[in-house]
Amino acid sequence: MTRALAVLCLVSLLAACRGGSVTPFRFQHDAESLASISTDGSLLAHGIFKGETTDAYARIHASELGKESGQLAAILRSAHPRPGLRAKTAQLVALAQRASNLLGQIAEAPSDRSLAGRLTDALEHISSVATKLSKSA
Amino acid sequence: MNKIVGVALGVLAAIGGFVDIGDLVFSSEAGGKFGYQLIWAIVLGAIGIAVYAEMCGRVATVTKRPVFDVIRERMGFEFGLGTLIASQLVNVMTLIAEVGGVALVLQLLAGLDYRLLVVMAVLVLVISIWLLPFEWIERVYGFGGLLLIVFAVAALHLGPDWHRMANGLVPHPQGTTNYLVLAYFAVGLFASSMMPYEVFFYSSGAVEEGWTPESELTLNKITAIFGFGVGAFLSISIIVMSAEYFLPQGIDPNTLGTAALGPQAILGETGLLLALLGMFFAVGGAAIDSSFAAAYNLAQFFGWDWGKYRRPRGAPRFTLTWIVVFGLAFLILMTGVNPLYVTEFAVIFSVVAMPLTYLPLLLVARDKGYMGQYANGRLGNVLGWLYFGIILLVALSAVPLMTLTNLGQG
């Protein structure tokens, strides 16, 4: 019984620590990563819109970027932001999740040029908000 | 014709060694993070590998024995065994990274499942080695790797800043506060240029092709300088393209997919396909180099028959070794390990094996009793010792830098 409780406590502690704490340095780093991923995605979408890429490349690269963005959102969601960074971290999580969803749409329809045209701007917007957030940390 | 084949050997070693997955990752990221600032590290590495490749080609030509054979004889069994273990670990890690890299590139080309493409990558490489003669492996993978020249075309298209590029030839950090990350990437670029498997492959190739001092020593010099020079040129092109395209947009090009985005955005679909095909051949060539290096090392250390020129039946344990290391790489990749992480570990840990490889080579190459009139001249000795000092410095700093910078992530 005692052993089971100890294991439970350890598991709870590990779960609580999963994302670590969000310091200004880490927040800036994560916001820059999101800006990088979404700019990358935006350029990819622009390439699809102009018909200058291949379906296979677009699908795999969008899926790779989408996963990265989704992982960033998941880790930040389970992290503990410092008091002054709570609202900004929540905003960053929402942005990362949105970028992941948009990139997922590209991965599912890599030859849809009109969709890619719309998502180019949306991803660029996410990138510019993430850049502003990184500078505000 | 033999001379052309000889130069091809150098080009293959250079493309495979210089522009392997480690170099693609480090050059692309270094350009995206620090612009032109780290070009000097590539130039430093290129001169270093040319110096030591020339020495190992000369030793192999004069003594008719490849580097590993000489290490064991010169430094004794225990030292040789230590070098063998360190080199084999790095060779296998490198092979895992390269085969995984080939699968990643195939995935970007074909869009199929990654694990299926790991199977295909292993099959393509093993069948290439089995069916193609040594010269054709060189031609197909070495010259195919030259398609990476598309990065140079893309860089020129972007209009590089020649003044900043010239500044990048001299180490002086500008506009960065994170000196540790800068140092980590400098070490990574230098190390990826001087991976020990390159000299094992190069010297064994020289013995396999039956180089003789009378006709091949000049060719050896030309090959070392030209071959590794081409590799350095391609690496610098990747840095420049990354500095001009990714850095201003705040993109961290830390995947092969992002690295290929530059040529695509600048030159369209053709640029993308050439970049991916160039990566396929360069990384595939490096996979073959590293699998052969593992087989050469083991066979030469234990005195087995070895060589690609012999039929598999003529060198069964040598053949079995390269098949087994491919099998090992395959099994490890099927666990889902990320080849790009393995790449960084392979490059950084190769630094630890470097002094064990390059010191015996230098000692033999400068030994007049052993090499006679073909021993190192004054310039060869000065450069050899200078580079050995740099290698020691880099070997001492590589692992601490990797730990302190969290694999360059800051």
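Helices, of at least four residues, and strands, of at least two, are DSSP runs numbered from the N terminus. The structure described here is a predicted model. In chain B, the loop between helix 3 (39–63) and helix 4 (67–75) holds B:Lys64. The phi angle of B:Lys64 is near 65°, a positive value in a residue other than glycine. Most residues other than glycine have a negative phi. Within 10 Å of B:Lys64 lie 14 other C-beta atoms, so this residue is partly exposed.

A positive phi, of about 55°, is also found at B:Asn406, which is not a glycine. The position of B:Asn406 is in the segment after helix 17 (378–404) of chain B. B:Asn406 counts as exposed because it has 11 C-beta neighbours inside 10 Å, the limit for this class being 12 or fewer.

Chain A comprises 5 helices and 2 strands, arranged from the N terminus in the order α-β-α-α-β-α-α. This chain has 137 residues, of which 43% count as buried. Among the contacts in chain A between residues at least 6 apart in sequence, 84% connect residues at least 24 apart.

Between the two chains, 20 residues of chain A are in contact with 19 residues of chain B. On the side of chain A that touches chain B, two or more residues are given by each of helix 2 (24–49) and helix 3 (55–77) of chain A. Helix 2 of chain A supplies the largest share of that side, 9 residues. By residue class, the side of chain A that touches chain B consists of 6 nonpolar, 8 polar and 6 charged residues.

Terms used: Residues are numbered from 1 along each chain as its sequence is written. Chains are lettered from A and ligands numbered from 1 in the order in which they are written. This is a predicted model: local features need pLDDT of at least 70, side-chain atom pairs count only at pLDDT 80 or more; totals for chains, interfaces and linings use all residues. Two residues are in contact if their C-beta atoms, placed from the backbone, lie within 7 Å. Ala, Val, Leu, Ile, Met, Phe, Trp, Tyr, Cys and Pro count as nonpolar, Asp, Glu, Lys and Arg as charged, and the others, Gly among them, as polar. A residue is buried if 20 or more other C-beta atoms lie within 10 Å of its own, exposed if 12 or fewer, and partly exposed in between; C-beta atoms are placed from the backbone.
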